[in-house]
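Hello,

Here is the structure we talked about. My notes follow below it.

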Amino acid sequence: MTTDLAPGAPDPLAPPHRGRARDRSLRRQKRLSNTLVLAFLIIASLIMAAPFLWMALSSLRDPTELARTPMPLIPRDLRLENYSEALGRAPFATYARNSLILATAAAVLNVVFASACGYALAKLRFRLAPAIFAWMVACIMIPFYATVIPVFLMVRHMPLFGGNTILGAGGTGWIDTWWALIVPGAVSPFMVFLFRQFYVSTPSELIEAARLDGVSEFGIFTRIITPLIRPGLLTVGLLSFEAGWNNFLWPLLVTTSDDLRVIQVGIASFRQEASTDWHLLMAGTTLAAVPMIVLFLIFQRYFVQGFASSGIK
Amino acid sequence: MTTTAPTTSAGTAAHAARPDALPGRRRRSVRTAERRWGLLLAAPATLHTLIWIGAPILVAIVLSFTAYDIIHAPEFAGLENYATIFTDGLFWLSVLHNVIIAAVGIPVSMFLALVFATMLDRALPGRGAFRVMVFLPHITATVAVAMIWLWIYSPSQSGLMNVVLGLVGIGPLPFLTDPDLALGSVILVTIWQGIGLKMLIYLAAMQGVDDQLYEAADLDGANAVQKFFRITVPMLKPATFFILVTSLISNFQTFDLIYILTEGGPANSTSVVTYRIYQTAFQEFRVGLANAQSVILLLILVVLAFLSRRIVGGSDDD
């Protein structure tokens, strides 16, 4: 393993008395390379963060500065009025409330239903378990964009809703209702998969012992095993919340009224409204971006765990 | 909840705690309860995915053989939609754009992600802050990201990109309105947004690499570059495969970015598959055709997943 490391590497059988001098030079080399790496990282991560800094600066800039040439990179004074002006031009508070409801519903429903399914697949033996697991894995591979049109049609033709007949014709079904926003995304197959992984690592002996003590199967799931995977609950809750808050295409398709518009769709429509008032547009964008950034900073550990196993935005 | 069963002491419970350690009748009732609750707990999620993922696929396949405009009832049209797609230049151009974005964007962002991960894997002051800064673009909604870049790419003199290029005497360039520049501008955003997640997966994989390998290499006097290419890169092969496949799949789902940044233009130079499907269904109201396009997208992704398994040949399960 080590002998084929490198042509031109120093002879591993070299006399040992040079050891201490080499140690010292190695340490010096390491310090130098750490400094270089640090310098590189500072520059590179500043470039990575620059768009966000630019967003924040622009949202606080006096609009007259935008027209000046050359424009000063750092704003003269910070105008918080941009935010109140943006809030006056579009109902961002309503948008944010709608996004909050949507994201919270997605988080709660996924935690409840996906955990139940994940637990059953990981710990309970029943005849359909392998088939259901295979189905969930297959579902993960199916992108939402490939089914969005039929899902839209199903929502629109939901029988007995929105003036529809029992056959689903005549009205608008669930279009422009909370049903349409929340129900189709209530359970994500990936979250079932993630929960299964969390439950697999819990000790089965605990289940058997609880059975011996006469605890019901439902009690074992809710009171004995699920408390062991609290980090998993938080991970799934946060990932579902993030997906709900950042969702765009689906709310765009199924909502038409301002009352139900979520913040990402609100930003897109505000763009038509404010056209080139970039100080206002960036204030609105900041309002849409900052809640997730703050949530991420607080719960970084749980987000990272979930994202590393998903690989998909 | 009262039970007549086992008399085993708590101390031996772990050993004895298998259903077959119970008396026959009780064992059977435990197995029945397990089976019943297994089905009951799995049912809601299973039914939900059958209704909202399974059924829509069937609906898409059925409607792909019809002419349907949302207002009038669908009419059977045979293979007409597929024939239309076959000769639809714009649809295949959109597929091509997806392929170009993937072919250019994924390798570049994977390389940069690997560079970041390698540097952030060691103990450095402020390591956490660097990770956050690289990862932020991923956590932010793509709509917000697209709005920010729309502003950065602004052709006016206050567009950040043109301000920076102006310092070296270039421009101003019409990044998003020139058909020759638009796709490149889009790719740059996908690279910037894609680095964070790939870095995270690489970092997770690096934690799984045994430190003794590096120590042994140190003893043999290997330098950093040798250690990187001879230890890190081979050990990261499964992670690289995972990133590649998931990146390809999410690349074919690029929509929000195009919707905000370019709306597929100028002159269709940035149209992608999902955006083309959206236009066909919700702007042209050719819903039958859009469903056929969706079926093709689904097939592309299935083939992609299958091929990647074949080509890389089992390195995903080692």
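UniProt, in an unreviewed entry, annotates "transmembrane region" over residues 37–70, 90–117, 129–152, 181–205 and 288–307 of chain B. Positions follow the numbering used here, feature names are shortened, and such annotations may be inferred rather than shown by experiment.

This is a predicted model: local features need pLDDT of at least 70, side-chain atom pairs count only at pLDDT 80 or more, and totals for chains, interfaces and linings use all residues. Residues are numbered from 1 along each chain as its sequence is written, with chains lettered from A and ligands numbered from 1 in the order in which they are written.

Residues 37–70 are 79% helix and 6% strand, and their end C-alpha atoms lie 42 Å apart.

Chain A has 15 helices and zero strands (DSSP runs, numbered from the N terminus: H or I of at least four residues for helices, E of at least two for strands). Its C-alpha atoms fill a box of roughly 90 × 75 × 35 Å along the principal axes.

Now the interface. In chain A, 88 residues are in contact with 85 residues of chain B (contact: C-beta atoms, placed from the backbone, within 7 Å). Helix 1 (residues 19–59) of chain A gives the most to that side, with 14 residues. The chain A side divides into 68 nonpolar, 13 polar and seven charged residues (nonpolar: Ala, Val, Leu, Ile, Met, Phe, Trp, Tyr, Cys and Pro; charged: Asp, Glu, Lys and Arg; polar: the others, Gly among them).

Best wishes

Methods: Contact = placed C-beta atoms within 7 Å.
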